[in-house]
Amino acid sequence: MRLSTVILPIYRWHDEGREVWRRAQELGFHAAYTYDHLSWRTFRDGPWFGAVPTLTAAAGATDRLRLGTLVTSPNFRHPVTLAKDLITLDDVSDGRITLGIGAGGSGFDATTLRGKDEEPWSPRERADHFDEFVPMLDQLLREPSVTWEGRFYVANEARNIPGCVQRPRLPFAVAATGPRGLKLAAQYGQAWVTTGDPKLFEAGTAEQSVAALRGQITRLGTACEQAGRDVSELDKILLTGFTPGNPLQSFDAFVDFAGTHFDLGFTEIVVHWPVQDSGFALDTKLFERIATEALAQFG
């Protein structure tokens with residue numbers, strides 16, 4: 001059982017950023033992730049820094065904390081340039097990077113690089129790109145030279161020497177709930193990520209959410225079986241903040257929530273680093289108590 005955090009890339013490094021990431025390590029989190037977006041929801045008109053430079057700085061400010069994206073998507077990334085950044089980041093961190101990767105959504109990432117008259121990709125188009133993005137990135141991170149001519153992406157003798165510190169490549173945590181994404185998680189993932197069922201967030205119940213997550217894990221198991229893998233090989237990561245209720249309303253509420261979801265089969269729970277005056281506002285003392293004491297409740 002692991003407890004991790006996601007730190008929004010909103011902090012000026014020399015004002016608060018360095019100390020936030022250092023504090024995450026001091027609190028004993030397994031990993032600290034950051035979102036890989038061009039901008040995001042209500043934070044659009046405020047500070048928002050790039051994920052890769054932020055993680056590079058965090059790698060220099062820490063020495064034990066695992067680091068990663070949660071998640072990167074094809075919405076504004078190309079596999080060749082992303083692979084180069086990831087190999088560099090894995091080297092700087094001495095092998096502490098996990099790539100969270102997903103198909104992307106319909107927010108600002110989907111529209112920022114498109115003309116005013118261009119429609120963002122449909123869910124099917126996002127899934128189509130994801131189907132090609134993941135295996136190409138897998139190959140780029142494993143092999144010193146890659147030539148690829150696909151439907152969406154091209155590489156001509158792309159060089160990636162010396163490759164990742166982690167072998168055969170840094171781990172993928174694949175965010176997926178649909179059949180195509182779960183198939184990619186089963187084939188290429190070292191971990192699987194979910195936020196639950198978005199249809200239940202505002203009007204659903206905790207019981208309905210647990211049932212939905214149980215169904216997702218069952219479908220992941222089926223995808224793994226079809227891929228010739230044991231589902232137990234994959235870590236199962238739950239990013240909190242998008243399921244009914246508020247598991248961070250008290251220490252006991254979080255312990256109950258964590259116990260229920262560990263029992264479902266999740267191996268890692270991720271909580272948002274507090275951001276005051278936002279949907280992620282939380283008393284700092286409560287957050288730090290959860291970070292340092294919650295896992296001890298499970299023996």
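Predicted model: local features only at pLDDT ≥ 70, side-chain atom pairs only at ≥ 80, totals over all residues.

Biologist: Let's start with α7 and α8. What makes α7 roughly parallel to α8?

Modeller: The axes of α7 and helix α8 (residues 251-264) cross at roughly 30°. Angles under 35 degrees count as roughly parallel, so α7 is called roughly parallel to α8. Those axes come within 10 Å, and α7 passes α8 in a right-handed crossing.

Biologist: How do you know which residues of α7 meet α8?

Modeller: Contact means heavy atoms within 4.5 Å. By that test, V210, L213, R214 and I217 in α7 meet T260, H261 and L264 in α8. Sorted by class, this contact has 4 nonpolar, 2 polar and 1 charged residues.

Biologist: And what about α1 and α2: at what angle do their axes cross?

Modeller: Helix α1 (residues 13-26) and helix α2 (residues 51-61) have axes that cross at roughly 60° and come within 9 Å. The crossing of α1 and α2 is right-handed. On the α1 side, W13, R18, W21 and R22 make the contact, and on the α2 side it is T54, L55, A57, A58 and A61.

Biologist: Which classes do the residues in the contact of α1 with α2 belong to?

Modeller: There are 6 nonpolar, 1 polar and 2 charged residues in that contact. Trp and Ala count as nonpolar, and Arg as charged, so W13 and A57 go with the nonpolar residues and R18 with the charged ones.

Biologist: What makes a residue part of the lining, and which element gives the most to the largest pocket?

Modeller: A lining residue has an atom within 4 Å of a point of the pocket. α5 gives the most to the lining of the largest pocket, with 5 residues. Elements that each supply at least two residues include β3 (66-72), α6 (179-188) and α7 (206-227). By class, the lining has 19 nonpolar, 16 polar and 9 charged residues.

Biologist: What is the volume of the second largest pocket?

Modeller: The second largest pocket has a volume of about 370 Å³. Among its 18 lining residues, F201, G241, H272, G279 and F280 are the closest to the centre.

Biologist: How many charged residues does the lining of the second largest pocket have?

Modeller: That lining has 1 charged residue, along with 9 nonpolar and 8 polar ones.

Technical notes. Residues numbered from 1 in each chain as written. Heavy atoms only, no water. Helix = DSSP H or I, 4+ residues; strand = E, 2+ residues; numbered from the N terminus. 1 Å grid on protein atoms, 1.4 Å probe; cavity = no way out; pocket = protein on both sides within 12 Å on 5 of 7 lines; lining within 4 Å. Points joined across faces, edges and corners; volume = space filled by probe spheres on them. Axes fitted to C-alpha atoms, helices over the stretch in contact; angles between N-to-C directions. Parallel < 35°, antiparallel > 145°, perpendicular 65-115°, else oblique. Left-handed = near helix turned anticlockwise from the far one by under 90°.
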